[in-house]
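Hi,

Here is the structure I promised to pass on. Have a look at it first, then read my notes below.

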Amino acid sequence: MSANNQTAVLEFLLLGFRNLHAFKFLLFTLLLLVYVVSLGGNLLIVTLVLFSSLLRSPMYFFLSHLSFCDTVFSTNILPNMLQVIIHEGSRLSVAGCIAQYHVFCFSATTESFLLTVMSYDRYLAICHPLRYSAIMSLSLQVLLVASSWLLSLVVTMTSLVLICRLQFCGPNVIDHFFCDVAPLLELSCSDTSLVKIEIYVCSVPIVLFPFLFIIGSYISIFLSIVRISSTCGRQNAFSTCSSHLTVVSLYYGTLFTVYVVPTSISSLNLNKILSLLYTVVTPLFNPIVYSLRNQEIKSTLGVQLFGRHRY
């Protein structure tokens, strides 16, 4: 078909989860509950760290930014996903679709950098405990967090500019529950080679370098923990980083599975399920893991609710 006979696409149709008509209300209710709990849990952590004097350590400063990032992450995806489920499909403008992808990419990149910063914090706390307070000063904390947000914005803006230059003039159906990069590139009728190159190049500083840094940090952490003589000391040291390690494993595990492992038509439904893990489950999982396994957060919550320490 010639370019003159092609009509510019103004909106996309998100199919979501097909063939689930009988279960759509159950799925809608479940995901709505997940979103409310996720939003409430993450905002609770942000509020506690912001207003409580008991949570002034660097770890909680980084955790509050991770929780805020998760709030942006889930709010960008879940409300529209609920609409897709209840209406068994939803239309989204091209600009809205690109904006959703950009916010998704920005928040996912920021989360990757924040998890890296948190691993560095745990490395200093366990491997260099005597120098920890001197190294992890307030100015360094602010610098690390600000760098995570700003670097994410700069990196993802490049992708945004390239995708905004794409033309869409053919099919407009996206077999997914949100606007991911792969279906956008498949639907474009212009040359997408530059975008693909940019994605592969940017994946190195966004995913590969942070992941390798985290692996290196935890190798050093585990070696330091093994050298601790007392069993109680080893347990206390490991408990300070077990929550972070659990979140990292879930986040990068699903991310690598979806975006690194080759995708076939038969595995589209599997990819949707895996995408649910890092777009829905991870923002819910983070506050639960850090709250239930952290005595200081539970104690602070008790102080805020009851006005006194609960022993």
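As background, an α-helix has 3.6 residues a turn, so residues three or four places apart point the same way. Helices here are DSSP runs of H or I with at least four residues, strands are E runs of at least two, and both are numbered from the N terminus.

Before going on: this is a predicted model, where local features need pLDDT of at least 70 and side-chain atom pairs need 80 or more, while totals for chains, interfaces and linings use all residues. Residues are numbered from 1 along each chain as its sequence is written, and side-chain values use heavy atoms, without hydrogens or water.

Back to α7: the helix bends by about 45 degrees at Ser203, with Pro205 following within four residues. (The bend is the angle between axes fitted to the seven residues ending there and the seven starting there.)

Now the disulfides, meaning pairs of cysteine sulfur atoms within 2.5 Å. There are two. Cys97 and Cys179 make one, with sulfur atoms 1.9 Å apart. Cys97 sits in helix α3 and Cys179 in the loop between β3 and α6, so this pair ties together parts 82 residues apart in sequence. Both cysteines are buried.

Cys169 and Cys189 make the other, also with sulfurs 1.9 Å apart. Its S-S torsion is about 135 degrees, so it is right-handed. Cys189 is partly exposed at 33%, and Cys169 is buried at 15%.

Cheers

Technical notes
Buried means under 20% relative accessible area, exposed over 50%, partly exposed in between (1.4 Å probe, protein chains only).
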